[in-house]
Amino acid sequence: MSKVLNRPIRVLVAKVGLDGHDRGAKVIATSLRDAGMEVIYTGLRQTPEMVVNTALQEDVDAIGISILSGAHMTVFPKIIHFMKEKQLDDVLLTGGGIIPETDRKKLSQMGVGELFPPGTTMASIVEYIQNWVEKNRTF
């Protein structure tokens, strides 16, 4: 699938905090698997630190956070903090959910990748992850 990695792209899909709506995360996980990616789904009620520790242990290329709770301006900066602490500088942090455009811009400036609103096609999410990994991961 990936010309650069010579192995499937590995993606961690996570739900952080008390947000119990996981249908979208499961749909994304299934779509990424169908596209040939290896997906690790953490399930509900993860902390930012747990997500980053799992990403490190699983040697993922990307972390996808599904968030519908409105806590995105807290969750993403905390994940970025732990990613920097663990030196996961070449791992994509992306996600989706109900995130206002102004907040998406702020999070982008902090280092978060593309954030996908409801209604985004699975094909565009798969393409984005594939392109990012091919440009930024080389082992």
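Me: How many aromatic pairs does a search of the whole structure find?

Reply: One aromatic pair turns up in the whole structure. Keep in mind that this is a predicted model.

Me: Which residues form the pair, and what are the distance and angle?

Reply: Phe116 and Tyr128, arranged edge-to-face. The centres are 5.6 Å apart, with 70° between the planes.

Me: And where do Phe116 and Tyr128 lie?

Reply: Phe116 is in strand β5 (residues 115-116), while Tyr128 is in helix α5 (residues 122-136). The pair therefore ties together parts that are twelve residues apart in sequence.

Me: Is Phe116 buried or exposed?

Reply: Phe116 is buried, at 12% relative accessible area. Tyr128 comes out as partly exposed, with 21%; the cut-off for buried is under 20%.

Me: OK, new topic. What pattern does the chain follow along the sequence?

Reply: Reading along, you get β-α-β-α-β-α-β-α-β-α. That's five strands and five helices.

Me: How compact is the chain?

Reply: Its radius of gyration is 14 Å, close to the 14 Å the globule rule gives for 139 residues, so the chain is as compact as a globular protein of that length. The C-alpha trace spans about 35 × 35 × 25 Å along its principal axes.

Me: How much of the chain counts as buried?

Reply: 45% of the 139 residues. The chain exposes about 7100 Å², and carbon and sulfur atoms supply 52% of that.

Me: Last one: how far apart are the mean positions of the positive and negative charges?

Reply: 3 Å, for 16 positive and 16 negative charges.

Notes:
Residues are numbered from 1 along each chain as its sequence is written. This is a predicted model: local features need pLDDT of at least 70, side-chain atom pairs count only at pLDDT 80 or more; totals for chains, interfaces and linings use all residues. Side-chain values use heavy atoms; hydrogens and water are left out. Helices (H or I, at least four residues) and strands (E, at least two) are DSSP runs, numbered from the N terminus. The radius of gyration is taken over C-alpha atoms; the globule rule is 2.2 Å times the number of residues to the power 0.38. Buried means under 20% relative accessible area, exposed over 50%, partly exposed in between (1.4 Å probe, protein chains only). Accessible areas come from the Shrake-Rupley method with a 1.4 Å probe; for residues, only the protein chains shown count as cover. Lys and Arg count as positive and Asp and Glu as negative; His and the chain ends are not counted. The place of a charge is taken as NZ of Lys, CZ of Arg, CG of Asp or CD of Glu. Rings of Phe, Tyr and Trp (its six-membered ring) pair if their centres lie within 6.5 Å; planes under 30 degrees apart count as stacked, over 60 as edge-to-face and the rest as tilted.
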